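Thanks for coming. I will take one structure today and go through it piece by piece, starting with the aromatic residues.

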Amino acid sequence: MSTSSVNDEKFLDILKGPYTGVLTTLFADGSPQSTPLWFLLDGDDILFSTTAGKQKLRNIARDPRASFAVYNPTNDMSYVEVRGIITVTEDPTANTRDRIVQKHGYADGSSFDPPGTQRFTLRLSPTKTTGR
């Protein structure tokens, strides 16, 4: 295990790949709440897209600390865990959602949401990155 940047060469294949990771936020009592999510590396940060009313949004509003883990399915001994702070911004055009789903081979994400869906971008800014 090592401590380094999300842009460390050994992590880039995983973080740029079309994989699903697990985002963990904290309930009010401190217990973990984990959600499988698609994601997008954006510079040093990791982006997620979510919709209004989700538990993870309530958790982050109270405590922005989070952990995100993803492994390489072609080499399950290769993984990255990113710990950090999440900031939330509204995403009225669903731009983040579309960028993320394009990484997974979709033209856009419009078929994922019914009309009127309120989208938010979650930006995980790393404080610690580990993996192998």
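Which residues form one aromatic cluster? Trp38, Tyr106 and Phe112 do. Before I go into that, please keep in mind that this is a predicted model.

A search of the whole structure finds five aromatic pairs. The pair of Trp38 and Tyr106 is tilted, with 6.0 Å centre to centre and 35° between the planes. Trp38 is in the loop between β3, residues 32–37, and β4, residues 40–42, while Tyr106 is in the loop between α3, 95–103, and β8, 119–131, so this pair ties together parts that are 68 residues apart in sequence. Trp38 counts as partly exposed, at 26% relative accessibility. Tyr106 is also partly exposed, at 40%.

Next, Trp38 with Phe112. The ring centres of Trp38 and Phe112 are 6.1 Å apart and the planes are at 70°, so this pair is edge-to-face, the angle being over 60 degrees. Again distant parts of the chain are linked: Trp38 sits in the loop between β3 and β4, and Phe112 in the loop between α3 and β8, 74 residues apart. Phe112 has a relative accessible area of 37% and is partly exposed.

One more ring before I leave this topic. Lys103 lies over the face of Phe39, at 3.7 Å from the ring centre.

In soluble globular proteins, nonpolar side chains tend to be buried together. Here the largest nonpolar core has 23 residues, and Leu15, Ile46 and Phe48 are those with the most contacts inside it. Six elements each supply at least two residues: α1 (9–16), β5 (45–51), α2 (55–62), β6 (65–72), β7 (75–90) and β8. Which of the elements gives the most to this core? It is α1, with four residues.

What is Leu15 in contact with, leaving aside its neighbours within four places in sequence? The list is Val6, Phe39, Leu41, Ile46, Val70, Val80 and Lys103.

Just after α3, Gly105 has a positive phi of about 95°. Ala94, in the loop between β7 and α3, has a phi near 60°, which is positive in a residue other than glycine. As background, most residues other than glycine have a negative phi. Is Ala94 buried or exposed? Ala94 counts as buried, at 7% relative accessibility.

Ser49 counts as buried, at 13% relative accessibility. The side chains of Ser49 and Arg119 are joined by a polar contact of 2.9 Å. Apart from neighbours within four places in sequence, Ser49 is in contact with Thr96, Arg97, Ile100, Arg119 and Phe120.

Next, strand pairing. Strand β2, residues 21–26, pairs with β3 in the antiparallel sense over six bridges. In that pairing, Thr24 stands opposite Ser34 in β3. The two strands form a hairpin with five residues between them, and Gly30 in the turn has a positive phi of about 90°. How many bridges does β2 have with β6? There are three, and that pairing is antiparallel too. Leu23 stands opposite Phe68 in β6.

Last, a residue away from those strands. Lys54 has its place in the loop between β5 and α2. Its relative accessible area is 38%, and Lys54 is therefore partly exposed. Lys54 and Pro73 are 19 residues apart along the chain, and their C-alpha atoms are separated by 27 Å.

To recap, Trp38, Tyr106 and Phe112 make up one aromatic cluster, the largest nonpolar core has 23 residues, and β2 pairs with β3 and with β6. I will stop there.

How values were computed. Residues are numbered from 1 along each chain as its sequence is written. This is a predicted model: local features need pLDDT of at least 70, side-chain atom pairs count only at pLDDT 80 or more; totals for chains, interfaces and linings use all residues. Side-chain values use heavy atoms; hydrogens and water are left out. Rings of Phe, Tyr and Trp (its six-membered ring) pair if their centres lie within 6.5 Å; planes under 30 degrees apart count as stacked, over 60 as edge-to-face and the rest as tilted. Buried means under 20% relative accessible area, exposed over 50%, partly exposed in between (1.4 Å probe, protein chains only). A charge sits over a ring if NZ of Lys or CZ of Arg is within 6 Å of the ring centre and within 35 degrees of the ring normal. A nonpolar core is a set of buried Ala, Val, Leu, Ile, Met, Phe, Trp, Tyr and Cys residues joined through side-chain atoms within 4.5 Å. Contact means heavy atoms within 4.5 Å. Two strands pair if DSSP finds at least two bridges between them. A polar contact is a pair of N or O atoms within 3.5 Å; within protein, one must be able to donate a hydrogen and the other to accept it, and residues adjacent in sequence count only if both atoms are side-chain atoms.
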